[in-house]
Amino acid sequence: MSEKKQNPWEMALSQFKKAADVINLSDDLRAVLSVPQREIHVALPVKMDNGKVKVFTGYRVQHNNARGPYKGGIRYHPNVSIEEVKALSMWMTWKTAVLDLPLGGAKGGIICDPKNLSIGENERLTRRYAYAISKFIGPYEDVPAPDVYTTPQHMAWIMDVYSALAGHYEPGVITGKPIESGGSLGRSNSTSRGVAITVAEAAKRMNIKLKDASVAIQGFGNVGSNAAIIMAQEYGMKIVAVSDSKGGIYKKEGLNVGSVLKEKEKSGTVTTLNGVEKISNEEVLTLDVDVLVPAALEEVITEKNASKIKAKIISEGANGPTTPEADEILFKKGSLVIPDILANSGGVTVSYFEWVQDLQRLWWSEEEVNRMLTERMTKSFNDVYDAMKKYKIDMRTAALTLAVKRVSDAVTARGIWP
Ligand code: NAD
């Protein structure tokens, strides 16, 4: 029998404790940061297409706002639970702090099966949820964003409900909106751009030549495919392998990313491309490459395959792709794992830029957004890298430690009141 798995909230708490131990955080600050500041549970009655009313359950958990308004996505999934939303809200507090964004951490979710909702049902559910949490969100209070199975369209509906209740247009209440509703240019591939920036910085620190460095990418969806394009076209790297849920493809001399994209569009998978070697998803992870980007699922790098991984740099496009056991093995081997809260934080960073633009009613060019993203992620990477060297810890613990320190300093400066 395997050991009982920790639920996500227990996992978030144990990670927090590990980071708190590194900086000898006081018991008082541990107590403050180990609980979300507010948990909102809402019942959402929705008229379904068949004429019946169905009541859904929704959550918004606001973990901490010591550094700025709460920030975090809204997830639609049958497996949403309060434990998961709490954990994700705490991770958002650390993610915004690692990037030094003037924002806190929150997360929302609705227990539902979005694949079985019509567009009309989806819209009525979303508007009812926006109404139910409207008193607790706002441009200076809590700024939600998309997450699993929520899209720019959902964000536009939420902004519309909030604006209707406020009596004026308020785009700054939510990010990830369509461009025509106050969204930001550069948002759609910002997560992948962030992944590429962290890889470029890691390569500099490790004296790996970026031009022609070999890359394997697991997952060819939003994050994986855009990372492939940016790394190949802007950094001159050689993408030798990619995969999707059907399997992987490999070409030692480097794949033509444009052809892979066309094939994925045409047949729905990369595996039907001609002139390449077919490999399994497992093999993608253990290829002899300089860089590995897991950009699909969680817990794919485990104690079973970690010792076989040859990449010197692993940049976590996906959330939670590496288990704690695998982390230890990779750390001992000397592989650099750029943790998800840093590597895939390009999305939340451009969300922050969107919010700033909305507040100013002044929109920036895509070049400007990308330039500022590069500047901020480069600085964050180097802050975390230096903390890793200073405390002689792995990069994940270093990122968490830096974040916990920034948040606890903000709590201390503001003080406990009354
Ligand atoms: P997506 O749905 O667009 O793409 C997922 C890809 O993974 C698809 O190509 C799919 O075929 C592939 N896949 C599914 N099962 C697989 C398997 N068993 N083996 C290999 N590949 C498999 O999703 P996405 O938006 O690209 O997100 C990918 C990961 O990145 C997720 O963990 C997500 O939480 C994380 N993430 C995404 C963003 C973002 O801005 N999209 C931001 C932060 C983190």
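Helix α6 passes α7 in a right-handed crossing, a crossing being right-handed if the near helix is turned clockwise from the far one by less than a right angle, and left-handed if anticlockwise. The model is predicted, so that local features need pLDDT of at least 70 and side-chain atom pairs count only at pLDDT 80 or more, while totals for chains, interfaces and linings use all residues. Residues are numbered from 1 along each chain as its sequence is written, and side-chain values use heavy atoms, with hydrogens and water left out.

Two packed helices are described by the angle between their axes and the distance between the axes. For α6 and helix α7 (residues 222-235), the angle is about 50° and the axes are 8 Å apart; α6 is therefore oblique to α7. Axes are lines fitted to C-alpha atoms, for helices over the stretch in contact, and angles run from 0 to 180 degrees between N-to-C directions. Angles under 35 degrees count as roughly parallel, over 145 as roughly antiparallel, 65 to 115 as roughly perpendicular and the rest as oblique. Helices are DSSP runs (H or I, at least four residues), numbered from the N terminus. Contact (heavy atoms within 4.5 Å) between α6 and α7 involves, among others, Thr-191 and Arg-193 of α6 and Asn-222, Val-223 and Glu-234 of α7. The contact residues comprise 10 nonpolar, four polar and two charged, where Ala, Val, Leu, Ile, Met, Phe, Trp, Tyr, Cys and Pro count as nonpolar, Asp, Glu, Lys and Arg as charged, and the others, Gly among them, as polar.

Helix α6 (residues 190-205) also packs with helix α12 (residues 346-360), at an angle of about 120° and with the axes 7 Å apart. This angle makes α6 oblique to α12, and the crossing is right-handed. Ser-190, Thr-191 and Gly-194 of α6 meet Gly-346, Gly-347 and Val-350 of α12.

Note on methods: Helix = DSSP H or I, 4+ residues; strand = E, 2+ residues; numbered from the N terminus.
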